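Please read the numbered points alongside the structure.

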Amino acid sequence: MNNIIFRISIRNLLKNRFTSGVCLLGLVVGFVAVILVSLFIRYELSWDKHNRNYDRIFLVQRNVALSATNAATGSITPFTPAVTASLLEEYPGFEKVTSVYRAGDRFLSVSAERQYRIEEGIYADNNYFDLFTYRFADGQQPDDFGRPFMVVISENLAGRLFEGAGAEGRVVTIDGKHDLVIVGVFADLPVNSSIRPEYIISMPTLERTEGISPDGIEPASFLTFALMGQGADPAAATAAIKDLFAGREGMEMETLRLGALADMRFDSVPDYYNIIWIFGLIGVFILSMSVFNYVNLSIAGSSVRGREIAIKKINGCKRGGLIMQFLGESMVLSVIALAISLYLTTVLLPFFNSIMGTAIEPDFYGNWSVVALFAAGAAAIGLLVGAYPAFLMSSNSIVNLFKGEFRAGSDRIRLRKALVLLQFSISVFLICLSLFFLIQVNHLTTKDIGFDRENMIYVQLTTSAEGTFFEEFRNRLLQSPAILNASMSENLPFVNFGGGTINREGGEPGERVRYRPNQVSYDFVGNMGIRLVRGRDFSRDHPSDISHACLVNETAVRYFGWDDPIGRRLDNNRFTVVGVVADYHVMDIHNPLDPVVLTLAPGGMTGSRVYAFRYQPGYRDEAVSLLASEFGREFPDDPFEIEELESAFMNENAYRGYQTVKKAVLLFTGFSILLAVTGLLGLVSFSVVRRTKEIGIRKINGCPDGTIFLLLNREFFVLLGISLVVAWPGVWMVHNAFPGAYKLPLYPWILLASAAAIVAVTLAATGWQTWRAARRNPVEALKYE
Amino acid sequence: MIKTVNLDKIFRTDEVETLALDQVSLEVKNGEFVAVMGPSGCGKSTLLNILGMLDNPTAGEYYFDGSEVGRLSESRRTDIRKGNIGFVFQSFNLIDEINVQDNVELPLVYLKIKGQKRKDMVNSVLERMKISHRRNHYPQQLSGGQQQRVAIARAVVANPKLILADEPTGNLDSKNGLEVMNLLTELNREGTTIIMVTHSLHDSEFAHRIVNLFDGSIVTENLKKEVDKVLL
């Protein structure tokens with residue numbers, strides 16, 4: 001860019017402060033949106049990519065039948081993880097296989113007084129560190145994970161436990177019972193890691209402390225990963241291992257498959273790719289709106305610059321020079337906008353991260369390739385938005401410019417109308433989307449989840465202490481008026497959930513159906529507020545209920561294909577169905593319901609159990625302190641926390657996912673409406689000026705103000721009507737493409753409400769100017785001639 | 001038909017106060033044809049705007065058909081203006097976006113005359129102005145003379161009592177200008193009162209009476225014969 005043109009550009013931008021300001025604002029809004037969206041997409045697409053072996057790591061999964069009537073299958077971890085792992089290593093292409101066990105909530109401590117509850121940790125073997133990339137403080141990857149009671153911890157955890165002092169070689173206690181030797185400290189993993197443990201315990205510890213072994217048949221909580229050799233073909237490997245277990249008795253229906261590490265994020269978050277492409281779409285939309293805005297305003301602005309251009313031409317300025325000047329202005333503006341946007345993005349990122357639940361770093365400072373990319377993008381946008389006014393204005397003849405006749409150019413009006421039409425359409429589209437997400441999220445939040453989550457607190461406790469019976473414990477607590485009901489269970493909805501497969505009376509030989517098991521005490525159904533729809537609940541009057549009876553949910557009845565479920569048998573005829581409960585959500589509000597089988601285990605409070613208590617409304621604090629003292633007295637060696645079931649519900653992944661999408665869509669809809677209003681303001685002031693003479697003539701001939709007002713607004717409402725026709729089919733298509741088991745229909749009122757909203761926005765933007773124009777003295781209007 | 005007593009019109013900006021009309025008293029009888037003359041900036045157009053009720057005077061009285069209208073609100077003025085006064089401008093002031101037919105129909109629409117009646121009235125006035133073959137054309141497609149005939153058609157379509165013409169021949173060549181003057185004279189003969197602002201001595205000869213304005217005041221009022229004398 002030549003220096004004089006640059007200087008004149010700056011001067012012109014300063015001269016037309018209002019127009020440049022509005023243009024700049026529009027570009028900044030568009031750039032910020034695009035930068036945020038692209039950072040978000042890059043972040044989401046880089047899950048687990050910090051692993052050097054990212055492309056070669058696969059999760060080994062087992063296909064199971066979802067139901068007898070449904071041919072579709074679901075994926076879960078194979079049986080006997082250790083056996084599977086060693087069998088797989090024999091196959092060509094498999095370099096290394098490892099099994100990890102997800103530990104869930106545990107309490108770590110260096111002194112008995114201060115217990116740290118850590119949500120994510122795993123048990124792993126030596127191989128694990130060969131598959132997944134960890135950076136250790138001393139550069140040494142642990143090699144003694146074959147021995148029990150070894151642990152490595154994250155820098156973050158080390159900081160919390162030892163407050164800066166060296167952690168290596170120290171001892172940390174887990175759940176107040178077992179001492180582990182810290183043999184390494186690793187750098188914190190990026191937040192976008194599917195498995196992000198704070199601590200990793202050596203696998204043999206698991207068997208010594210919990211009695212769980214990867215050699216056992218039960219695969220719950222195990223994940224098995226395979227590292228494929230360089231150049232190995234995953235498809236061929238999948239085909240080779242598919243029937244690993246096919247010949248074995250009782251495993252006839254089992255087949256194995258390999259899932260790429262890249263798919264782990266996809267599998268754990270509902271509608272993952274949909275969220276990403278919706279965001280991409282919104283980014284593109286907002287950017288195009290701000291480009292339209294610029295073109296719109298600069299065309300409006302250039303029409304008052306006719307005289308300036310004419311004088312330049314008379315004094316010998318060539319067309320090329322004028323084009324350079326216009327392009328120079330738009331590029332200068334665009335680059336300024338980029339600089340402001342980058343700064344604003346860093347300011348907004350913490351806010352954005354907090355609503356999106358992400359941990360995006362503003363890492364574009366010093367990252368020259370990213371900055372260069374953005375700068376090139378901004379320059380391209382500058383060229384794009386400057387091109388039309390540049391070529392158009394410079395092509396006018398001097399005579400036309402002086403006469404001001406170029407103003408009436410109907411092509412230009414048509415173009416501007418088309419741009420505003422597109423802006424309207426995008427706004428309507430986004431308004432519809434926002435409304436849909438609002439009611440969808442509202443629906444998910446308020447819909448009947450099948451049990452009563454209010455006024456309920458729970459305690460998760462793992463203990464090896466024996467001799468306390470839940471019935472006695474419960475009776476003792478019920479003495480207090482604060483506690484209305486209590487139950488014990490293996491799993492609690494939204495807190496934890498088991499998974500497994502089961503066979504049923506009348507099923508095909510060898511067929512196993514995926515289901516959610518739960519061992520519960522008496523009163524579980526009543527305490528949770530789950531409805532019983534057939535048969536009876538477990539009863540103290542039927543002693544044989546223990547380990548013989550079961551309750552199933554309505555979905556199970558449907559999956560098993562039973563007309564009369566009462567008396568039917570499950571699990572090699574071990575359990576007989578005595579009752580059916582209404583469906584309730586077990587793990588989230590988003591996924592389709594699975595079959596649930598409840599069995600009765602009311603006895604001792606040993607092992608891992610969840611205790612749920614319904615308290616008298618208003619007596620929460622009393623209930624909490626009572627529970628704290630009773631559990632503390634009964635299980636002095638086992639750490640625990642008392643929590644609200646409601647907050648477990650709020651923290652669930654799918655719920656949070658929907659909330660963030662809703663907030664983000666609302667945010668960007670706000671952006672788009674802002675841009676549409678700016679575009680509209682530009683157009684309406686242009687239109688009022690252009691029609692000044694017409695307004696005057698009509699008024700002289702007796703036209704009342706109200707009619708003029710309608711006349712001026714009519715053209716916007718025509719545009720608006722067309723934009724609805726453009727936007728609504730798009731909304732319909734996106735709604736159709738959107739998955740989800742509990743998707744609400746696209747109610748007609750959403751479309752009508754979007755129309756009403758855009759009408760209101762239009763009137764707000766145009767009303768004042770058009771009303772003023774309509775009220776103006778016609779003599780003044782005609783003086784313009 | 002028109003009587004003004006000591007009309008003043010003052011335009012104010014932040015710094016300057018301009019006295020555009022100064023104690024103008026004027027009477028125009030039914031069926032008269034009056035020409036208002038004077039140099040640029042003498043207040044001719046301002047006077048015409050007030051007489052046409054497009055603007056209110058700052059002081060003084062204005063009687064239209066015997067009633068005082070100088071203090072009325074804009075919407076009241078609009079009501080009186082409708083159907084009573086027709087305007088003809090130097091720059092024609094046709095709406096570019098609508099065709100000849102629709103331009104001429106405009107005043108009738110706002111008088112709320114029914115569709116068929118409107119069509120008949122427009123047809124007859126277009127015939128009369130010898131422009132009906134151009135009824136579907138747009139203003140830009142017509143010559144200046146034709147545009148002014150359309151503008152006059154619009155001014156007279158509602159049979160107004162008064163026509164106010166502001167330099168009606170200013171943008172026309174002499175042949176077209178003569179034609180327009182003949183049209184105005186013909187309308188005047190049929191009983192329409194006409195007040196015309198003009199620079200042209202030639203055009204003023206078509207009037208019965210000439211009012212000379214200078215710096216916002218009436219300096220002379222002559223009958224046509226006296227004008228001839230002055231000219232000689």
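1. Helix 21 and helix 22 of chain A are roughly antiparallel to each other, a term for angles over 145 degrees. Their axes come within 10 Å and cross at roughly 150 degrees; axes are lines fitted to C-alpha atoms over the stretch in contact, with angles from 0 to 180 degrees between N-to-C directions.

2. The model is predicted: local features need pLDDT of at least 70 and side-chain atom pairs pLDDT 80 or more, whereas totals for chains, interfaces and linings use all residues. Residues are numbered from 1 along each chain, chains are lettered from A and ligands numbered from 1 as written, and side-chain values use heavy atoms, without hydrogens and water.

3. The chain A crossing is right-handed (the near helix is turned clockwise from the far one by less than a right angle). In contact (heavy atoms within 4.5 Å) are Glu694(A), Ile695(A), Arg698(A) and Lys699(A) of helix 21 with Asp705(A), Ile708(A), Leu711(A) and Leu712(A) of helix 22. This contact has 4 nonpolar, no polar and 4 charged residues.

4. In chain B, the axes of helix 3 (residues 100–110) and helix 4 (residues 115–128) come within 10 Å and cross at roughly 125 degrees. Helix 3 of chain B is therefore oblique to helix 4 of chain B, and their crossing is right-handed. The contact includes Val104(B) and Leu108(B) of helix 3 and Met121(B) and Val125(B) of helix 4.

Methods:
Helix = DSSP H or I, 4+ residues; strand = E, 2+ residues; numbered from the N terminus. Parallel < 35°, antiparallel > 145°, perpendicular 65-115°, else oblique. Nonpolar A, V, L, I, M, F, W, Y, C, P; charged D, E, K, R; others polar.
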